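Here is a short report for someone meeting this structure for the first time. Look at the sequence and the fold, then read on.

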Amino acid sequence: MLVNELEAAISLAQKAGVTILEHYSFDIIPEDKIGVDNRSEPVTAADREASRIIVDGLEKMFPGDAVLSEEEADKLDERLANRRVWFVDPIDGTAGFIKKDGDFAVQIGLAENGVAVLGVVLQPARDVLYYASKGGRAFMIENGGPPVRLQVSDKTNFQDIDIAVSRNHRSPKMAQIVRDLGLRKEVERGSVGVKVGLIAEQICDLYIHLSPRTKFWDTCGPQVILEEAGGKLTDIFGKDFRYDLSNVQNLNGILASNGAVHASAVETLKPVLQDLGRLKLTTAI
């Protein structure tokens, strides 16, 4: 069950986390970069240093694997030709890191033949670690304590559902979705991995991200953690993610749930998305 890979990913995430917290204790100077979607987004020295720690470590320990980090160039031909690909987001939630609100995470995921099989999400500021490998269940370690198995809720009634929403990138359309679905409560947090973790912890039951701007490194690791906790993660139209495509954008958003409410959420969202003008986009192979 990918024991060596999981141990390596946890160790590298923790090592990167130490470096990130060193930067966190001083003034953070944000810069602008142009992402793979040709749009400006923030980056810091901590993002780059954490990326090098993780990428160098993975390449040394697993020289036959391909590695793609948000802060590194995509070696496209090598990545598409490889059976195993690591996806790294050294700081998911850079906006939260810059604001020093604690809402950011180190994310490492592994995909085999296009399917997510391993995930590590570390929140350095809160000392919370989520980890899972396919078929091996999902666990959380908080403040250095013992591993606790993660298990999602079994709620199916929208009136009982709590939804995780973005703190720093909230879409104004989310208000209509919350209203139309009749959801009980919103919980604002940053980072995809953090919000997905809330579902795995039963703090929330649903997370909907409408934007086409998230990437494979945002979802690969969190997906495994959620699914091994009994949940489900697809795009907002219910299609499974594949991680062996040339375009790394999740063009059709993210729908993460406790699994029990997933099919109902997909069906209920269809007319809402149509009303909002959120059409299905074509993902390049």
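This is a predicted model: local features need pLDDT of at least 70, side-chain atom pairs count only at pLDDT 80 or more; totals for chains, interfaces and linings use all residues.

Strands E5 (residues 105-112) and E6 (residues 115-123) run antiparallel, joined by seven bridges. Within this pair, Gln107 stands opposite Val121 of E6.

## The five-stranded sheet

Another open sheet has five strands, in the order E11-E10-E12-E14-E13. Its pairing is mixed. Strand E11 (185-189) and strand E13 (232-234) stand at the edges; each has a single partner strand, so one side of each lacks a neighbour in the sheet. From one strand to the next, the twist averages 20°.

Strand E12 (residues 206-209) pairs with strand E14 (residues 254-257) in the antiparallel sense, over four bridges. Tyr207 has Ala256 in E14 as its bridge partner. Two helices meet this sheet. Helix H5 (residues 174-181) lies across strand E10 (162-166), E11 and E12, and runs at about 140° to E12. Helix H6 (residues 192-200) touches E10, E11, E12, E13 and E14, with its direction at about 150° to that of E12.

## A buried arginine

Which side chain of opposite charge is nearest to Arg278? That is Asp235, 8.2 Å away. Arg278 is buried yet has no salt bridge. Arg278 sits in the segment after helix H8 (262-276).

A polar atom of the Arg278 side chain lies 2.8 Å from the backbone oxygen of Leu251. Beyond its neighbours within four places in sequence, Arg278 contacts residues including Leu210, Pro212, Phe237, Leu251 and Leu273.

## A buried valine

Val224 belongs to helix H7 (residues 216-228). Is Val224 buried or exposed? With a relative accessible area of 2%, Val224 is buried.

Leaving aside neighbours within four places in sequence, Val224 is in contact with Ala116, Val117, Leu118, Gly119, Ala132, Ser133 and Lys134. From Val224 to Asn250 is 26 residues in sequence and 16 Å in space, C-alpha to C-alpha.

## Salt bridges

How many salt bridges does a search of the whole structure find? The search finds 21. One of them joins the side chains of Asp37 and Arg213, at 2.8 Å from N to O. Asp37 is in the loop between strand E1 (31-34) and strand E2 (40-43), while Arg213 is in the loop between E12 and H7, 176 residues apart. Asp37 is buried at 12% relative accessible area, whereas Arg213 is partly exposed at 24%.

Asp205 and Lys155 also meet in a salt bridge, at 3.7 Å from N to O. Asp205 is in the loop between H6 and E12, and Lys155 in the loop between E9 and E10, so the pair ties together parts 50 residues apart in sequence. Asp205 is buried, with a relative accessible area of 0%. Lys155 is partly exposed at 25%. In a further pair, Arg184 bridges to Asp162, with the closest N and O atoms 2.8 Å apart. Arg184 lies in the loop between H5 and E11, and Asp162 lies in strand E10. Asp162 counts as buried, at 3% relative accessibility. Salt bridges with shared partners also join Lys33, Asp37, Glu41, Glu70, Glu71, Arg213 and Lys215 into one network.

Conventions. Residues are numbered from 1 along each chain as its sequence is written. Side-chain values use heavy atoms; hydrogens and water are left out. Two strands pair if DSSP finds at least two bridges between them. Axes are lines fitted to C-alpha atoms, for helices over the stretch in contact, and angles run from 0 to 180 degrees between N-to-C directions. Contact means heavy atoms within 4.5 Å. Buried means under 20% relative accessible area, exposed over 50%, partly exposed in between (1.4 Å probe, protein chains only). Lys and Arg count as positive and Asp and Glu as negative; His and the chain ends are not counted. A salt bridge is a side-chain nitrogen of Lys or Arg within 4 Å of a carboxyl oxygen of Asp or Glu. A polar contact is a pair of N or O atoms within 3.5 Å; within protein, one must be able to donate a hydrogen and the other to accept it, and residues adjacent in sequence count only if both atoms are side-chain atoms.
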